[in-house]
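Please look over the sequence and the model before reading on.

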Amino acid sequence: MPLPITVATVTLRQALRNRSLPAACLLVTALLALSGYVSGRNQDLTNRQRSEYSEKVRSHWLQQPDRHPHRVAHYGYLAFRPKSPLAYFDSGLDSFGGVAVFLEAHRQNTTNFSEAGQSAALIRFGELTPALVLQLIVPLLLFVLGFPVVSGEREGGTLALSLAQGVSSRTLLAGKALGLLAMVPALLLPGMAILLAVRGVPDSGLLPRILALALAYGLYLAVVVWIAAAVSAASRSSRAALTTLLVLWVVACVAMPRALLTLGAARAPLPSKAQFDAMVDRDLAQEGDSHNPNDPHFAQLRARTLQKYGVRDVRDLPFNYSAFVMEESEKITSGIFRRHYSGILDTFQRQSRPLEWGALVNPYLAIRALSMALAGSDLDHFLDFQRQAETFRYDMIQNLNELHRTRIRLENDRAQKVSRDTWGGFPEFVYTPPSVAEVWRRRWTACAVLAAWLALLAVCTLRGRLL
Amino acid sequence: MSRRILLLEMKNFLSGRGVIAGLVLLAAAGLYAIAQGNQVIEQQRRALAAAPRLAAEHRETLLAMHAGKTEEGPGGLLYYLHFSTVREPSRLAPLAVGLRDLHPYNLRVRLLALEGQLYDGDIANPAVLALGNFDVAFLLVLCYPLLVIAFLHNTLSAEQESGAWRMLCAYPVSPWRMLLGKALIRFIPILAVWLATLLAAVFWLDLPFDGRLLSLGLLGLTYLGFWFALALAVMTTQGSSNFNAVALLGCWLLLVVLAPVSLNLALSAQLPVPEAFELTILQREGYHNKWDQPKQATMRRFFDRYPQFAAYPVPEDRFTWAWYYAMQHMGDEEAATAAARWKEKLLAREQRAAALSSFIPPALVQSTLSRLCGTGLSPHIAYLDSVRRYHEELRLAFYPYLFQDPPVPPVDWHALPRHSFSDEEGAAVSAASETGVLSGAALILAAFAVWRFRRRSSVL
């Protein structure tokens, strides 16, 4: 047997003998099973509700009587954001994003009713999910299991003995790290098996995301283990090793995330809704007022249109001119809104920047970002929903404006209606999450950071820099 | 224990590796926390301060646009006009931002159906909301206990491991008093940093020295006392330093992370709020269906609600703004039951969370801090109620202009009702019962520690 493997086996056997490994395994299994079960049940319930209400909205839409298209444009549609199928595993910021958005003519409404906005102050402690167990608790346990692997031998005098017998320090450290690494599957597999049994085999479409998650967490926990072994090797006593590791954990997992993000948020402040709306209104006022017959923009549009069709009065046009103006102004208002909202999205990005930089040095931040992206519960997924809802809104309104333009005569406009069978021709709102390739394209750096960490630690070990 | 030993002990402790660094770091984090909480609240205050100006500009623009259409009454203009409402933060809010960043604080409402406007959020980055604030509450609840653990876990075990404990026991002082003295020496600097942080906040944020601040300070002291007692209880089990560190950190993990998050998950699973969607749908259907119904059907129900306008019936054969705004309001009425249920559900969530939090000190402190600073869930609900009342006030102010024919004199757009609401009034003024519960828990743990220590020492 190669020497590192022998060392690893001995390390593992020791952990089994003093019962610390079985105890830790029991704890992790219980936590994974509990969090997976409760969070999963909660997610099923939530999604059932949301799809129930989506169906209600759809059936109300189809049951509409004969109506004027612009009436329907104000009746609008309600879109609900479903929880991603893996959000129960990592809820990310899912609970902090709105869920329901009312889609209507002329306006882009806010996405309302976030779970957090309807929760008691407890929500500030976070949410119990398997990801929380894997990202925070398992590393802490690995630190506790790993702190004495080398420093303990040093204190007991066995380290000098092994080195004197010709075991090289790098072999020893590599073996210790491998031994600790072997504890990871022992810690996780029972809990994961229960999770699988409770949640059932996931949909095959989710497989790429699940495999990527497995890879990411594998890398993360390997980095954690190696850090534990390295700190243990570099410390004079077990006590010092434990202290260092615990301080590292607290800084990396508790203090640093909030400190960095609040720093980012302070440096890139967002406008209030009132300020934002005022900015949009100012631009809209400059673009022109479709209701004002003397407004230069719309006067120009009328002159152009009349000339194009060779008529002298809008009543002689082959279509409903007021609907045509509505179409035009929807285009303008949506464009202005989109331009201003992209400024908000830029600010979101600038707010997250310190956290992204932090992920380069803090593996916890890297796995956090990667995990919620793969679970479909990060900011990108939320914004993606908003974008799809806005596209749906715009298309729906412009389709209704087109109906208005072609099927309603200008004269006595308000009194006319289109038939009820028209409504079935409109699509249902269905949110399609981005593909895993898309997620990977945005987030591969986080995975690369974890791999780089592991490579760095491995190289340092082999070069004998750590012991 | 003689003063000389105490002094020596203090010197010895403070010269330990990382002790001064830890205290300085905690104090610095305290300053950052004050700045961060203040930044969030100050930004809201600035937006609220700008709100009247923005509202006036918005109103003047609309008035200019509608200047030529005074003969048709205010109905058309009211369709576009937003009325600004404000939720002023309490003075203590920067210390515990609580849920204030999750909720709107400057809702603007039109005279249309309110249930379609009341739940709009402000502009916020969910990623920032999800991680939460680095405010004084966060520091106290999560970080201070870690320093207590770091400083106290080896009070006894380090002496035993180095063999000094036997020598100390030779002094004519009871071992328990000796241990307590040593533990207090490690604990008091942390208390001092907490008080210094509060003092810094008082000067920095210009806070009033009142009962609320005192309660907040006392709550913090008691909470730290709880962790002190817990550390005593663990150290008297006479485990090794490493064992104590791991055991205390395990307690921290259980109390600060696992228990509150499980409780939160259980509450949201137990009390789901489908009423949110229900009321949205009811309001939308309730209003829009009226367009397809005879006007008199809507008006009959509206006049039942507001008989003072029944003398002014609306014509069936043409559009009137009176009918339009009546339809809008009847949409609200149809959603009223669901909206009331939604509100009850949320308050139930908060009440149940508060009741169960009594068993989880960190959750208890977090929710009590939110209550003292007016940043929990119920101030948000109270604000929404105040917006509801304001909306009714506005409607009643405008209905006469919409219903009466010939019209009453023109609207004085500069003398309309104004909305005001502050978290200051709703915030709790004292936290006596919560502080009592915490000190009870601390005393039980301390008593356990004494009993345990005495029994062990008599064996030794």
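A residue is called buried if 20 or more other C-beta atoms, placed from the backbone, lie within 10 Å of its own, exposed if 12 or fewer do, and partly exposed in between. By that rule, 46% of the 467 residues of chain A count as buried. This is a predicted model, in which local features need pLDDT of at least 70 and side-chain atom pairs count only at pLDDT 80 or more, while totals for chains, interfaces and linings use all residues. Residues are numbered from 1 along each chain as its sequence is written, and chains are lettered from A in the order in which they are written.

The C-alpha atoms of chain A fill a box of roughly 105 × 40 × 40 Å along the principal axes.

Chain A gives 74 residues and chain B 75 residues to their contact, where two residues touch if their C-beta atoms, placed from the backbone, lie within 7 Å. On the side of chain A, α9(A) supplies the largest share, 14 residues.

| Element | Residues |
|---|---|
| α2 of chain A | 20–62 |
| α9 of chain A | 238–267 |
| α12 of chain A | 321–361 |

Within chain B, the axes of helix α5 (residues 136–152) and helix α8 (residues 175–205), lines fitted to C-alpha atoms over the stretch in contact, come within 10 Å and cross at roughly 160°, on a scale from 0 to 180 degrees between N-to-C directions. Because angles over 145 degrees count as roughly antiparallel, α5(B) is roughly antiparallel to α8(B).

Conventions. Helices (H or I, at least four residues) and strands (E, at least two) are DSSP runs, numbered from the N terminus. Angles under 35 degrees count as roughly parallel, over 145 as roughly antiparallel, 65 to 115 as roughly perpendicular and the rest as oblique.
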